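Me: I've got a structure here that I'd like to talk through, surface and inside. Can you take my questions one at a time?

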Amino acid sequence: MTFANGSSYLDELKNKIALSGLPDGFVRWQTDVPQEKIAALIQSHHVLILPYQESKKLAYLGQMRGTSGVLSWAAACGRSVVASDARSFSEEVSFGNGAIYAQGDTVALAAELQCLLDQPDLLLERSINAQKLGQARAWPETAKQFKALFGSLVEGK
């Protein structure tokens, strides 16, 4: 369960880490990062791990898909991601910029991380693909695509 009554999401995560037996300070939390520091924070890491889980509310509403803004930040910063299949489109890592594992499957997550440790060239390849994706999605490129689309509509094509 991700959200328990009476505790914040962050408090619950901290509690799970403490119960896991990891040493104090193993996980460093940075919350409320100012926007101008997000890119530097992401680029200071080799890969982003996004272990999302669907909330109970979504389970009642049925399967709803969305995506995470951090996936866009990762691509813009040229960083690979390993994400659960909850809340994020598998299509977002179908560009060779990351991997998806089944939410809650810690064995699969561990296998993905071990794969990156065993194959550092794979991490480099995924990061390069993320960088290419980020460049293709940059506002100037997006503007060119919109201009071409609207230009073709004006011309009746």
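Me: Which residues form a nonpolar patch on the surface, and what accessible area do they have together?
Reply: Keep in mind that this is a predicted model. The patch is made up of Leu22, Phe26, Val27 and Trp29. Together, their accessible area is about 350 Å².

Me: Does Phe26 count as buried or exposed?
Reply: Phe26 sits in the loop between α1 (9-20) and α2 (35-43). Exposed means over 50% relative accessible area. Phe26 has 55% relative accessibility, so it counts as exposed.

Me: How far apart are the end C-alpha atoms of helix α6, and what should the helix span?
Reply: Helix α6 covers residues 120-136, which is 17 residues. At 1.5 Å a residue, α6 should span 24 Å. That agrees with the model, because the end C-alpha atoms of α6 are 25 Å apart.

Me: Where do the buried residues of α6 lie around the axis: on the same side or on opposite sides?
Reply: The buried ones in α6 are Leu122, Leu123, Arg126, Ser127, Asn129, Ala130, Leu133 and Gly134. Around the axis they cover an arc of only 165 degrees, so they lie on the same side of α6.

Me: And which residues are exposed on the other side of α6?
Reply: Exposed takes over 50% relative accessible area. On the other side of α6, the residues that are exposed are Pro120, Asp121, Leu124 and Lys132.

Me: What covers the buried residues of α6?
Reply: Both helices and strands take part in the cover. The helices include α4 (69-76) and α5 (106-118). Among the strands are β1 (47-50), β2 (80-84) and β3 (98-101).

Me: Take Ser84: is it buried or exposed?
Reply: Ser84 is found in strand β2. Under 20% relative accessible area is the cut-off for buried. Ser84 comes in at 0% relative accessibility, so it counts as buried.

Me: Which residues is Ser84 in contact with, leaving aside neighbours within four places in sequence?
Reply: Contact here takes heavy atoms within 4.5 Å. With those neighbours left aside, the list for Ser84 is Leu50, Pro51, Tyr52, Ile100, Tyr101 and Gln103.

Me: Stepping back, what pattern does the protein follow along the sequence?
Reply: The protein has seven helices and three strands. Read along the sequence, they follow α-α-β-α-α-β-β-α-α-α.

Me: Last one: what share of the protein's accessible surface belongs to carbon and sulfur atoms?
Reply: Buried residues make up 24% of the 157 residues. The accessible surface of the protein comes to about 10900 Å². The share belonging to carbon and sulfur atoms is 58%.

Key:
Residues are numbered from 1 along each chain as its sequence is written. This is a predicted model: local features need pLDDT of at least 70, side-chain atom pairs count only at pLDDT 80 or more; totals for chains, interfaces and linings use all residues. Side-chain values use heavy atoms; hydrogens and water are left out. Helices (H or I, at least four residues) and strands (E, at least two) are DSSP runs, numbered from the N terminus. Buried means under 20% relative accessible area, exposed over 50%, partly exposed in between (1.4 Å probe, protein chains only). Accessible areas come from the Shrake-Rupley method with a 1.4 Å probe; for residues, only the protein chains shown count as cover. Patches are made of residues with over 30% relative accessible area and no salt bridge: like charges are joined within 9 Å, nonpolar side chains (Val, Leu, Ile, Met, Phe, Trp, Tyr) within 5 Å. A salt bridge is a side-chain nitrogen of Lys or Arg within 4 Å of a carboxyl oxygen of Asp or Glu. The expected span of a helix is 1.5 Å times one less than its number of residues. The arc is that of the directions from the helix axis to the C-beta atoms.
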